[in-house]
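Okay everyone, thanks for coming. Let me put the structure up, and then I'll walk you through a few parts of it.

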Amino acid sequence: MLLFNLGFLDIDFLDVLDVLLVAFLLYQVYFLIRGSIASRVFLGYLLVYGFYLIVRALKMELLSTILGQFMEIGVLALVIIFQPEIRRFLFFVGRSTNLQQYPILHRIFSQKSERQTTWELQPVIDATKKLAASRTGALMVIKKEDSLKRYIESGDSLDAHLSKALLLAIFQKNGPLHDGAVIISDGKIKAARCMLPVSENPEISPILGFRHRAAIGLSEHSDAAIVVVSEERGEVTLVTEGGIHRHLPVHDLQEKLVEYLSER
Ligand SMILES: Nc1ncnc2c1ncn2[C@@H]1O[C@H](COP(=O)(O)OP(=O)(O)OP(=O)(O)O)[C@@H](O)[C@H]1O
């Protein structure tokens, strides 16, 4: 269906839709990679691509063949370079899809895990209170739906019953297990000394160091709830995919944790 004619250009409905979709996709890509080194690589690739289109339109055979080959390899190179961003994008798309609407998919993809109850979370709340009061740094990950297998495997396996005493012992300043994160799932401390992915988001306050960046990094890759106790300031922070809640009084932490972990 022809919409309008611009001199030598016939523009129909599908062309307009095509341009709008490309613009939307480019904006999403920009949104995902802005501020990172990847954004400069992407800009460089776009410039070379623009140059290639001009060279091809001018029918400069040799140059367009060379650039054409480069573009083909470039797509593969882009997939490798942007692997974390692509993963984040697909994760975001997958997460935005409410599986509850599709019972069969929900049954296939949702892991069966016991819901954390207030009672199960009590040791985390009590330990957080004590850790914050004594300004002992801590990083505690509480599993929701997404598997945290690779992060659990990065640490020392414990599979121990969750208790306040054990959490306090783990995060003791000179203890062998205090570095890294503890991962809690189904009322158990699965592992300690776990390594989390560090967020590269340039908008994170410079006041927050690696403990907080690791918590934010994990929230970009999973739906886990992460509790951080700052060693420097003794403040409590809860990080979830929904955002960062800083300066949390302990009773607010409990409320927010229960609310977040029980919502689907
Ligand atoms: N990628 C990571 N995964 C898990 N734990 C990490 C990671 N990076 C840092 N940590 C933990 O954070 C500690 C360093 O915290 P750092 O002082 O840089 O962070 P911070 O956010 O400023 O916290 P604080 O306010 O407690 O000082 C490390 O000793 C380690 O236990």
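Let's start with helix α9, where His212, Arg213, Ala214, Ala215, Ile216, Gly217, Leu218 and Ser219 are buried. Buried means under 20% relative accessible area, exposed is over 50%, and partly exposed is in between, with a 1.4 Å probe and protein chains only. Helices here are DSSP runs of H or I with at least four residues, strands are runs of E with at least two, and both are numbered from the N terminus.

Before I go on: this is a predicted model, so local features need pLDDT of at least 70 and side-chain atom pairs count only at pLDDT 80 or more, while totals for chains, interfaces and linings use all residues. Residues are numbered from 1 along each chain as its sequence is written, and side-chain values use heavy atoms, with hydrogens and water left out.

In total 16 residues surround the ligand, and the closest are Asp179, Leu196, His212, Ser230 and Glu231; to be near, a residue needs a heavy atom within 4 Å.

Now the polar contacts, meaning pairs of N or O atoms within 3.5 Å. A polar side-chain atom of His212 sits 2.5 Å from a ligand oxygen. A backbone N or O atom of Leu196 is 2.8 Å from a ligand nitrogen, and a polar backbone atom of Arg211 is 3.0 Å from a ligand oxygen. The protein covers 80% of the 640 Å² of accessible area that the ligand has on its own, by the Shrake-Rupley method with a 1.4 Å probe.

Over to the other residues I picked. Arg87 belongs to helix α4, residues 83-96, and counts as partly exposed at 36% relative accessibility. Arg87 and His221 are 134 residues apart in sequence, yet 8.5 Å apart in space, C-alpha to C-alpha.

Last, some backbone angles. Most residues other than glycine have a negative phi. Lys59 isn't a glycine, but has a positive phi of about 60°. Lys59 lies in the loop between α2 (37-57) and α3 (61-81), and is exposed, with a relative accessible area of 63%. Arg193 also has a positive phi, near 60°; this one is in strand β6, residues 188-194, and is partly exposed at 38%.

Note on methods:
A polar contact is a pair of N or O atoms within 3.5 Å; within protein, one must be able to donate a hydrogen and the other to accept it, and residues adjacent in sequence count only if both atoms are side-chain atoms.
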